[in-house]
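Here are my notes on the model you sent. Please read them beside the sequence and the coordinates.

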Amino acid sequence: PYQKFESHEPSKPTPTPTPTPTSTTTAGPVLTDKPKPWPTPHELESVVSDIPPAEEQSIESVGKYIAAHEHDPLSRVKALHDWVADRIAYDGPRFVAGTFTADDEAPSTVFARRVGVCAGYAQLLAALGKVTGDEIVYVVGNVRTLGTPIDGAPHAWNAAHVEGVWYLLDATFDSGYLDGSTFHKKYSTDYLFTPADVFGVSHFPDDPAWQLRDKPISRGDFIRQPMMQPAFYARGLRLDAPDRSQITVRGRFDVRLENARTRLLMSYAPVGFGGEGTPCAVDGFTHASCDLPRGKWDVLLFGSEAAAGEFDHLGTFEVNSN
């Protein structure tokens, strides 16, 4: 598992009515003059780390404790996200078997069991927001990740309205990853207050208003976007080429980007393989290339600011070599 778990449910969660962002609200964090809250360090809010077990007996008690100890609205929403992402585990066996039901994903059930799939994560986060008085809504649509169909697969996430600004967040993606049916906890903040154009690389809501863009993109534009991870944009990287998620080449595949500080690695493996791949050549910090045999390949880009150690998954390209 070289990438964070990205859920793709076999059937759509049942949507609940959600308000549409109105023209009087600012559509997305990139349009506000307030300090941008992303990227955020991968650290739990102290109120979540310090909450006594006695205060974690119900949705009501968790929400009241967080509301009483965190008065900054943005930090409070982060704390709610952190509690869900940290305390809830992804229900890998039910997901793989396809046996979960709407009742399994009810907030009270997910809270009691401490497991759920995407609908459970998102509905629990919305329920906690009702306790704290924060406007957190439930959003449904598709996510596009390695292993999903080209146009994505059903998923659920949240949007939060904080001091006149709508933000996007996905506690499921920030919770960890699956290896088969086994869930590995790995908290992050990659999908917390993520800019709309970055969040929209992987998430496509059923209601275009929840793209939180000035001009919503079409499903075709969504599918054509290169599948870059939030870590790519958080590092200030810019992709010059290719400009599509799926590319056809004659043997040689090149990636070129603008990059000031990130060391690169790139490898390729058969589509759907998901393990260690064959290394590609890297020329400095701005160019990598693979000499691909004939066939279909997942080409994965990794990066790190250190010369050695763990490299983060930055993006994936689906390449057909003729």
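How many salt bridges does the count come to? The count comes to 17 salt bridges, taking a side-chain nitrogen of Lys or Arg within 4 Å of a carboxyl oxygen of Asp or Glu.

1. Ground rules. This is a predicted model, where local features need pLDDT of at least 70, side-chain atom pairs count only at pLDDT 80 or more, and totals for chains, interfaces and linings use all residues. Residues are numbered from 1 along each chain as its sequence is written, and side-chain values use heavy atoms, with hydrogens and water left out.

2. Overall build. The protein has nine helices and 18 strands. These are DSSP runs numbered from the N terminus: helices are H or I of at least four residues, strands E of at least two. Of its 322 residues, 54% are buried. Buried means under 20% relative accessible area, exposed over 50%, and partly exposed in between (1.4 Å probe, protein chains only). Take contacts (heavy atoms within 4.5 Å). Among those between residues at least 6 apart in sequence, 66% join residues at least 24 apart.

3. Salt bridge D134–R76. The closest N and O atoms are 2.8 Å apart. The pair links distant parts of the chain, 58 residues apart: R76 is in helix α3, D134 in the loop between α6 and β3. D134 is buried at 11% relative accessible area. R76 is buried too, at 13%.

4. Salt bridge R235–D312. Here the closest N and O atoms are 3.0 Å apart. R235 lies in the loop between α9 and β10 and D312 in strand β18, so the bridge ties together parts 77 residues apart in sequence. R235 counts as buried at 14% relative accessibility. D312 counts as partly exposed at 32%.

5. The side chains of E305 and R261 meet at 3.1 Å, N to O. Both residues lie in loops: E305 between β17 and β18, R261 between β12 and β13. R261 is partly exposed, with a relative accessible area of 40%. Elsewhere, salt bridges that share partners join D91, R94, D104 and R113 into one network.

6. The disulfide. A search of the whole structure finds one, where a disulfide is a pair of cysteine sulfur atoms within 2.5 Å. C280 is joined to C290, S to S 1.9 Å. C280 lies in the loop between β14 and β15 and C290 in strand β16, so the bond ties together parts 10 residues apart in sequence. The torsion about the S-S bond is about 95 degrees, so this disulfide is right-handed. Both C280 and C290 are buried. As for C118, this cysteine is buried at 1% relative accessible area.

7. Aromatic pairs. The structure holds 13 of them. Rings of Phe, Tyr and Trp (its six-membered ring) pair if their centres lie within 6.5 Å; planes under 30 degrees apart are stacked, over 60 edge-to-face, the rest tilted. F173 and Y191 pair edge-to-face, at 4.9 Å centre to centre and 90 degrees between the planes. Y191 also pairs edge-to-face with F199, at 6.0 Å and 75 degrees. Y191 and F199 are buried, as is F173. Separately, Y90, F95, Y121 and F183 form one aromatic cluster.

8. Charges over rings. The charged end of R114 sits over the ring of F111, 4.4 Å from its centre. The rule asks for NZ of Lys or CZ of Arg within 6 Å of the ring centre and within 35 degrees of the ring normal.
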